[in-house]
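Please read them with the sequence and the coordinates open side by side.

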Amino acid sequence: MIEVVPSSCDGHGAQLRLRPPRALTRRQFVMLFAALSGAMWVVAVLGWWGGNAFAPAFALLHSAIVATALHASWRQGDRGEEIRIGPDAVEVTTSGGGLVFRAHPYWVRLDIERGGERISLASSGRQVQVGDFLGPAERRGLAETLQDLLAAASGRNR
């Protein structure tokens, strides 16, 4: 998801907030786990009733694995990036690492590789990839937006 926000009150520059798309809310994730676990435990109890003494132990192990996988999937959705483009600086910050890139907009080069699969900003030998967690259509939109904002910030669109 790409959210464009004006970065200052004087109208110069913009801020892009990038977040991976989420199909489910936290409550829906919990309900999904409850449904999966409930079905698994019904089958385990039926197996135990039919004579399989190990079915509840495997159901417990499987519940722990499913819970861990769903938790890891949810945590991946917490990633995010902010790209601030102003007349004085282009800054990229990540949710986990803080400021990872800063350069003057005139010297920032936008690299679009493999038909829009990889988008990176580069300046003075430093390079940072942006929007890796976005879908292909969103990355193309991000590349177009970044081109326009960088051209406006550096004065190349005049």
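Predicted model: local features only at pLDDT ≥ 70, side-chain atom pairs only at ≥ 80, totals over all residues.

1. Arg-84 is partly exposed, with a relative accessible area of 24%, where buried means under 20%, exposed over 50% and partly exposed in between (1.4 Å probe, protein chains only). Arg-84 belongs to strand S3; strands (E, at least two residues) and helices (H or I, at least four) are DSSP runs numbered from the N terminus. Leaving aside neighbours within four places in sequence, Arg-84 is in contact with Ala-14, Gln-15, Ala-89, Val-90, Glu-91 and Thr-93, contact meaning heavy atoms within 4.5 Å.

2. Residues are numbered from 1 along each chain as its sequence is written, and side-chain values use heavy atoms, with hydrogens and water left out.

3. Strand S4 holds Glu-91, which counts as buried because its relative accessibility is 17%. Not counting residues up to four places away in sequence, Glu-91 touches Glu-82, Ile-83, Arg-84, Leu-99, Phe-101 and Arg-102. By contrast, Arg-114 is 23 residues from Glu-91 along the chain, and the two C-alpha atoms are separated by 24 Å.

4. Val-92 also lies in strand S4, and at 1% relative accessibility this valine counts as buried. With residues up to four places away in sequence not counted, Val-92 touches Glu-82, Ile-83, Gly-98, Leu-99, Val-100, Phe-101, Leu-121, Val-128 and Val-130. Met-40, which is 52 residues from Val-92 in sequence, is 44 Å from it, C-alpha to C-alpha.

5. Which residues have the most contacts inside the largest nonpolar core? They are Ile-83, Phe-101, Leu-121, Val-130, Leu-142 and Leu-146, in a core of 20 residues; such a core is a set of buried Ala, Val, Leu, Ile, Met, Phe, Trp, Tyr and Cys residues joined through side-chain atoms within 4.5 Å. At least two residues of this core come from each of strands S2 (14-18), S3 (81-85), S4 (90-94), S5 (98-103), S7 (118-123) and S8 (126-130) and from helix H3 (136-154), and H3 gives the largest share, four residues. Leu-146 touches Leu-16, Ile-83, Ile-85, Leu-110, Ile-119, Leu-121 and Val-130, again not counting residues up to four places away in sequence.

6. Helix H1 (residues 26-49) has 24 residues and reaches 34 Å from its first C-alpha to its last, close to the 34 Å expected at 1.5 Å a residue, that expectation being 1.5 Å times one less than the number of residues. Its buried residues are Phe-29, Ser-37, Met-40 and Ala-44, and what covers them includes helix H2 (55-76). Just after H1, Gly-51 takes a positive phi of about 115°.

7. The largest pocket holds about 170 Å³ of space. Its lining consists of Arg-26, Phe-29, Val-30, Phe-33, Ala-67, Leu-70, His-71 and Trp-74, and the elements that give two or more residues to this lining are H1 and H2. On a 1 Å grid over the protein atoms alone, a pocket is an open set of points where a 1.4 Å probe fits, with protein on both sides within 12 Å along at least five of seven lines, whereas a cavity is a set from which the probe cannot get out; lining residues have an atom within 4 Å of a point. Grid points are joined across faces, edges and corners, and the volume is the space filled by probe spheres set on them.

8. The lining of the largest pocket divides into six nonpolar residues, one polar and one charged, with Ala, Val, Leu, Ile, Met, Phe, Trp, Tyr, Cys and Pro counted as nonpolar, Asp, Glu, Lys and Arg as charged, and the others, Gly among them, as polar. Arg-26, in helix H1, is exposed, with a relative accessible area of 53%. Arg-26 and Trp-74 are 48 residues apart in sequence and 8.0 Å apart in space, C-alpha to C-alpha.

9. Ser-124 deserves a separate entry: this residue sits in the loop between S7 and S8 and is exposed, at 69% relative accessible area. Its phi is near 50°, a positive value in a residue other than glycine.
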